[in-house]
Amino acid sequence: MSDVTQSIKGGVKHGTARRNILPEGVFAWMLVGPAMLFIGVIVAWPLAETIRLSFMEAGLGGEKYVGLANYEDLVSSRKFHQTIVRTFYWMFLSVALKLILGLIGATLLNAAIPGRALFRVLIMPPWVIPIAIGCIGWLWLYNGYFGILSGVAQKLGIVDGPFEFLAYKTSAFYSAIVTDVWVGVPMVTLFFLAAMQGVSRDLYEAAWVDGAGRWYRFRRITIPQIMPVIVSMSLLSAIFTFNSFEIIWILTEGGPRGATTTLIVDTYKTAIGNYKFGEGSARAVIIVILLGLFSLAYLFFLNKVNKKYGAK
Amino acid sequence: MMDRYTKLQMAGIYFCVAIFLIFMLLPFFEMFMASLRPLEHLFRSPYQFWSTDFSFDAYSKMWETVPLLGRYIFNSIFIAFSVTAITMVFVVPAAYAYARLKFPFKNASLAIFLGVNMFTGAVLLIPLYRVLRSMGLLNTYWAMIVPGVAFLIPTGIWLLRSYLEKIPLELEEAAFVDGASRMYTLRRVVLPLAVPGLIVVGVAVFIGAYAQQFLFAITFNQTRELQPLPAGLYEFIGYQSVTWNEMMAAALVGVLPVMVIFLFLQKYLVAGLTAGAVKE
């Protein structure tokens, strides 16, 4: 056995083995195993079960094998195509806004101004409180009769009477996006801020001495330096946003007339709302495949970015 | 010098910060104003921003309207705390293994953990429901704790790993040479050094567990006494006559304890994010 020459990463050799030390691989799996087992039972097994169910017609009554019928229904359903397009539109728009606002917010909070420690604390509540509670606040904001948005709009004469933001297809969709952005921005801002504070001051000083303006320094130093963080945050945000369920569910339950139904809401409505377990599972499998493809494409892109910007 | 701003630039920055903060805090402001508004105000037209009959009555009445409010607040914190504690028990050893050890299938298994990050519970609700039912966990605290733990383990491993990697190797090597066992080294050398990192990851996991307990609660738990705050309050929204002002008061009071705790911890969190996860 190579026990006696086992080493931690550094490569220290032991000539004498006072005790019988576990092989590194065995010890490592003793440490990783419990977490893996837990994930296996609570995530991997249900995932396998979801795939099995997607070939079934299943409900409260029982299960019947139907082959690819559930998938065929989805492929030929125009409504489902619209849902996919809507989901990606939802994701891209929301993520773009989160990144832009996060970048602006982080830049503002990174500026050497009095009070920035306080401002930093004040942007965090949307992230810290339960998403559902924040949504109750937004539910009220969007209300035509007693929300402040509609109230102010009436006072300014933009609308004649109470305007229900969540009652019309277009306004409901964009309202849900605003709330989703609101939930996501604090975390993005915080990570960008942390990355910006990690950029070496020497770079800025050298550029400043050479007469580079603020905007130039931001574009040529800040952005390239934090690029790896921007890219990894956009993947994280994209996954969160794609899977965003509570916000839409509490604000609109996917309505009005399906205007805010994303894939995740559609899956929930089908499976839990209508007890169509098989059809719901087929949707879930499609979500997993789409997210998997998206992540792969992303990792490829991330690799390129890391090469270009020389991430450590 | 380089960081000096003119008065005009200063004003511009503060103006933008103000707009940013208004966006972030508007819903809280609105909830607070709504909690002061008497119920009969709701459909008064035209819209009134302020009137003299605003009062704090809702804050005393809400305890009767939402009799379990105290319980909901407790449940929320209890569930989030349990999720955090259990998650850390799984995360700490695993993160150490990924940070320090070489073992077969290391990269493949890490990829599996990170892959779990891609799902949310919403995709797996039906089979998850069946798993929890077969374990007899439905309608218990565990129904909300167990899925929470599973979906937070990957994030925890990912965050903690990058911390542990920064702890100097020499100390471990020294302990090793002195004849300490692997487990002893982990417990007595690595963990004490990792305390700041453990706090950051713990807070991050707690926020995740606290912010996202709604879905599991409404799906896996029907016992009213066990509902966390968001699910408990959501139930009232469906009612015929919602006493909105009290609902808003309850929501605000409900998140207060955690906000206060967070106020004390946020410094560590921000410092930790700056030092650890981001700057690889």
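Where does UniProt place the feature "transmembrane region" in chain A? The record, an unreviewed entry, puts it at residues 26-48, 88-109, 121-141, 172-194, 226-251 and 284-302; such annotations may be inferred rather than shown by experiment, and their positions follow the numbering used here, with feature names shortened.

A quick word on the model: it is predicted, so local features need pLDDT of at least 70 and side-chain atom pairs count only at pLDDT 80 or more, while totals for chains, interfaces and linings use all residues. Residues are numbered from 1 along each chain as its sequence is written, and chains are lettered from A, with ligands numbered from 1, in the order in which they are written.

Here are two of those spans. Helices (H or I, at least four residues) and strands (E, at least two) are DSSP runs, numbered from the N terminus.

| Span of chain A | End C-alpha distance | Make-up |
|---|---|---|
| residues 26-48 | 28 Å | 100% helix, 0% strand |
| residues 172-194 | 34 Å | 100% helix, 0% strand |

Now the contact between the chains, where two residues touch if their C-beta atoms, placed from the backbone, lie within 7 Å. Chain A puts in 92 residues and chain B 87 residues. On chain A's side, helix H1 (residues 24-53) gives the most, with 21 residues. That side divides into 66 nonpolar (Ala, Val, Leu, Ile, Met, Phe, Trp, Tyr, Cys and Pro), 10 charged (Asp, Glu, Lys and Arg) and 16 polar residues (the others, Gly among them).

Most residues other than glycine have a negative phi, yet A:Arg257 has a positive one, near 45 degrees. A:Arg257 sits in the loop between helix H11 (246-251) and helix H12 (263-273) of chain A.
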